[in-house]
Amino acid sequence: RNFIAVIDYIVLHGRGVINTVIYVTLAVLSALIVNPLAAYALSRYKPPSAYKVLLFLMLTMAFPPMVTQIPVFLMLRQFNLLNTFWALILPGLANGYSIFLLKGFFDSLPQELYESAEIDGAGEFRIFWQITMSLSKPILAVIALHAFTLAYSNFMMALLICQDEKMWTLMPWLYQLQQRSGQGIIYASLMIASVPTFVIFVLCQNVIMRGIVVPVEK
């Protein structure tokens, strides 16, 4: 009965499921485009300021997301982006941890492959797409899972910058349900909310585990 009540509430109230699917899809796609491009530029061209850039990326990991909520909210309000998917995607478009992880993985790839591709006349985009991205599927799976988890579990930021109920994702709706329900409903909602992450990990566990083990071995 508790599970049925939670599912009915999720399906019948607002667009929580649809908004969550759109938000998670955009977050994963942007993470798999922006972060690899930034890491590839640092690894492939090795600019003189690469060390400073990596240090800056490491510094972003030192501050919890709660510290940046107010500045991000004010900036998004200044650009009239509140209650939009842009407001959900742009603050986490580039992740310092992901770029740092990808850069280290790209550095470990054989440079002979790039030299052979250049001799054969391959362009930079083709080298990036067919060599770097093809050999980086395990680490890309980890980045995708990380982006999915951050987006799917995003509650406070999603509630702060999307105060219109039409733009609420699944987590604000479940929080509202938990505030007016008993323990049975609360535990049922937590179990239902954990299902998507569990299913994705089970379906992609071989690729994800390779992405966790291979960088450590290298």
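**Surface patch, core and salt bridges**

The model is a predicted one, and 3 salt bridges are counted in it. The largest nonpolar core comprises 53 residues.

**Nonpolar patch**
- Helix H3, spanning residues 50-60, contributes the largest share of the nonpolar patch, namely 3 residues.
- Leu59 lies in helix H3 and is partly exposed, its relative accessible area being 46%.

**Core and buried contacts**
- Within the largest nonpolar core, the residues that touch the most other members are Val6, Leu102, Phe106, Tyr152, Ile161 and Leu174.
- When residues up to four places away in sequence are not counted, Tyr152 touches several residues, including Thr20, Val24, Leu170 and Pro196.
- Gln69, placed in helix H4 (residues 65-78), is buried at 15% relative accessibility, and beyond its neighbours within four places in sequence Gln69 is in contact with Met156, Met157 and Leu160.

**Salt bridges**
- Glu118 and Arg44 meet through their side chains in a salt bridge of 2.3 Å, N to O, a pair that links helix H7 (residues 111-119) with helix H2 (residues 16-45) across 74 residues.
- Arg44 also forms a salt bridge with Glu124, with the closest N and O atoms 3.0 Å apart, and this pair links helix H2 to helix H8 (residues 124-135), the two residues being 80 residues apart.
- Lys103 and Asp107 form a salt bridge whose closest N and O atoms are 2.9 Å apart, and both lie in helix H6 (residues 96-107), 4 residues apart, about one turn of the helix.
- Lys103 is buried at 15% relative accessible area, whereas Asp107 is partly exposed at 33%.

How values were computed
Residues numbered from 1 in each chain as written. Predicted model: local features only at pLDDT ≥ 70, side-chain atom pairs only at ≥ 80, totals over all residues. Heavy atoms only, no water. Buried < 20%, exposed > 50% of the residue type's maximum accessible area, 1.4 Å probe, protein only. Contact = heavy atoms within 4.5 Å. Core = buried A, V, L, I, M, F, W, Y, C linked by side-chain atoms within 4.5 Å. Salt bridge = Lys/Arg side-chain N within 4 Å of Asp/Glu carboxyl O.
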